[in-house]
Amino acid sequence: MAERVVIVDYGSGNLRSAQKAVERTAREAGRAVAVSVTREADDIAAADRVILPGVGAFAACKAGLDALPGAVEALEHAVLVAARPFLGICVGMQLLADRGLEFGDTPGLGWIAGSVRALEPSDPSLRLPHIGWNAAAGDAASPFDGVFSARRDFYFVHSYHFDADNDAHVIARCDYGGPFAAAVRRDTILGVQFHPEKSQAAGRALLDAFLAWRP
């Protein structure tokens, strides 16, 4: 029976690109996976795996998620109660934090303790947003060490970063005028700052590891 992978549509994110990337990754690995994009809380609550994308400002993304009837409650049931694997992408990762400091102070989901703060590169010649390919390296034992130990290049587009309260939750880092969290993890929750759907073979390696993950 195919696993149900749900990509949450709350008005933000590269939904079709993410869907196609997951479908291609599953097909190439021979995995039986049914991928759907949904706005329905019941679909989220019943999913075997959940992906939350995100593009834009933290506050706008959180407002869009809050406006989707029952979505936050369904996410909390699927991830925090039923312990199903979850992947947050870019702002979808940032929303895991306690708060975001972009255009004010906005509460996040609070699943991984920390705050989302502006990138402040030590080199003034480095422009914001941070756009383009950069290496992410793992420095903690995790099911995703194989993805990050090779220092693969991933595609980033962001001006803010996840400042985790507990360094143990940061499983990969990137450097852009100073280190920042490229990937965070707690229990069945994974978040990546880069866009796996735009990261070609490196992105497929991450998605394949996510689909194989049995936390």
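I take contact to mean heavy atoms within 4.5 Å. Helices (H or I, at least four residues) and strands (E, at least two) are DSSP runs, which I number from the N terminus.

The model I examined is predicted: local features need pLDDT of at least 70, side-chain atom pairs count only at pLDDT 80 or more, and totals for chains, interfaces and linings use all residues. Residues are numbered from 1 along each chain as its sequence is written, and side-chain values use heavy atoms, with hydrogens and water left out.

Entry 1, helix 4. I looked up which residues of helix 4 (71-81) are buried (under 20% relative accessible area, against exposed at over 50% and partly exposed in between; 1.4 Å probe, protein chains only), and found Ala71, Val72, Ala74, Leu75, Ala78 and Val79. They lie on the same side of helix 4 because they cover an arc of only 160 degrees around the axis, taken from the directions from the helix axis to the C-beta atoms. Glu73 and Val81 are exposed on the other side. The cover over the buried residues includes strand 1 (3-8), helix 2 (41-46), strand 3 (49-52), helix 3 (58-67), strand 4 and strand 14.

Most residues other than glycine have a negative phi, and most peptide bonds are trans. Just after helix 4, I noted a positive phi of about 55 degrees at alanine 83. Cysteine 90 has a positive phi near 55 degrees; cysteine 90 sits in the loop between strand 4 (86-89) and helix 5 (91-94) and counts as buried at 4% relative accessibility. For aspartate 187, phi is positive and near 55 degrees; its loop runs between strand 13 (179-186) and strand 14 (189-192).

Leucine 128 and proline 129 are joined by a cis peptide bond, with omega about 0 degrees. I located proline 129 in the loop between strand 7 (114-118) and strand 8 (130-135).
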